[in-house]
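Subject: Structure for you to look at

Hi,

Here is the structure I promised to hand over. Please open it first, then read my notes below.

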Amino acid sequence: MINNLIPFGIMIAAGAAAMWRGAPYPALVFLALLAACFAIRLWLTSGPDKEVAEQRHKSRESVMVFLVFLGMALVPIVTIGTPIFDFAAYIASPLQLTAGIVVGVAGLFLFWRSHADLGKNWSAELELRREHELVVSGVYRFIRHPMYSAIFLIVFGQLLVLNNWIAGPLGLVAFLILYLMRIDAEELMMKDQFGDSWEEYADRTPRLIPHLKG
Ligand code: SAH
């Protein structure tokens, strides 16, 4: 669909504008990372959807998802492509920029795997689908919320890679708000839907960080 191509058009335009005005190379890497996230989501969620069966906290969820879009995509793209936020730019060390790229790419990898494992059970907001399946395999075997871990890695990458006091931390701030407002409600929803299966899964599986054992 043509609508799906618009974000890529905007990111390519921002990238071109950034090169023209001599934005630092890591900013372009961040744009590429963002484009890859969009592409993965588009690819792994395209095709016929499972119908939505239940929604929770609809208006609160819409506001938070928009906030995250603002913090992770819109403001960074404007910052990279235009001089609007240049007043908040600072000089970042090569070590910081490299660390940001490494963390961001790790996040992108986990984002891909969690989307692949969650499949059609994915939704941007708190929802259950008809014939919703409880996913406990793939990366979900190690943590209950791999997609949120992935997004935390990506926004940490953003913090390090975007050398700007506004656009750098904004993704982390926005996603932290969404995470804190959502996580208990999401787990309650899964418990209501899947009962003992969820509880057993939750008992043996940590939330965001895998157990480090041999
Ligand atoms: N919190 C998960 C999923 C994020 S997408 C993660 O970070 O990987 C949000 C939607 O995923 C929720 O609305 C819920 O319906 C669904 N969901 C969350 N955990 C799930 C699981 N283990 N199996 C199936 N669906 C799940």
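This is a predicted model: local features need pLDDT of at least 70, side-chain atom pairs count only at pLDDT 80 or more; totals for chains, interfaces and linings use all residues.

Which residue does arginine 207 meet in a salt bridge? The partner is aspartate 184, with N and O 3.1 Å apart. Arginine 207 sits in the segment after H6, while aspartate 184 is in helix H6. The two are 23 residues apart, so the pair links distant parts of the chain. Aspartate 184 is exposed, with a relative accessible area of 54%. The pair also belongs to a network of salt bridges, which links Arg144, Asp184, Glu187 and Arg207.

Why do such pairs form? Side chains of opposite charge can pair when their charged atoms come close.

How many salt bridges does the structure hold? There are 14.

One joins lysine 120 and aspartate 49, whose closest N and O atoms are 3.5 Å apart. Lysine 120 lies in the loop between helix H4 (94-118) and strand S2 (127-129). Aspartate 49 lies in the loop between H2 and strand S1 (52-55). These parts are 71 residues apart in sequence, so the pair ties them together. Lysine 120 is partly exposed at 24% relative accessible area. Aspartate 49 is exposed at 54%.

The other joins lysine 58 and glutamate 125, at 2.6 Å from N to O. Lysine 58 is in helix H3, and glutamate 125 is in the loop between H4 and S2. This pair ties together parts 67 residues apart in sequence. Is glutamate 125 buried or exposed? It is buried, with a relative accessible area of 14%. Lysine 58 is partly exposed, at 39%.

Now follow helix H3, residues 58-81. It has 24 residues. From first C-alpha to last it reaches 33 Å, close to the 34 Å expected. There is a kink of about 45° in H3, centred on leucine 70. Its buried residues include Glu61, Met64, Val68 and Pro76. What covers the buried residues of H3 includes helices H1, H2, H5 and H6.

Leu67, Val173, Ile177 and Met181 make a nonpolar patch of about 300 Å². Helix H6 (residues 167-204) gives the most to this patch, with three residues. Methionine 181 is found in H6. Its relative accessible area is 38%, so methionine 181 is partly exposed.

Best wishes

Notes:
Residues are numbered from 1 along each chain as its sequence is written. Side-chain values use heavy atoms; hydrogens and water are left out. Patches are made of residues with over 30% relative accessible area and no salt bridge: like charges are joined within 9 Å, nonpolar side chains (Val, Leu, Ile, Met, Phe, Trp, Tyr) within 5 Å. Accessible areas come from the Shrake-Rupley method with a 1.4 Å probe; for residues, only the protein chains shown count as cover. A salt bridge is a side-chain nitrogen of Lys or Arg within 4 Å of a carboxyl oxygen of Asp or Glu. Helices (H or I, at least four residues) and strands (E, at least two) are DSSP runs, numbered from the N terminus. Buried means under 20% relative accessible area, exposed over 50%, partly exposed in between (1.4 Å probe, protein chains only). The expected span of a helix is 1.5 Å times one less than its number of residues. The bend at a residue is the angle between axes fitted to the seven residues ending there and the seven starting there. Contact means heavy atoms within 4.5 Å.
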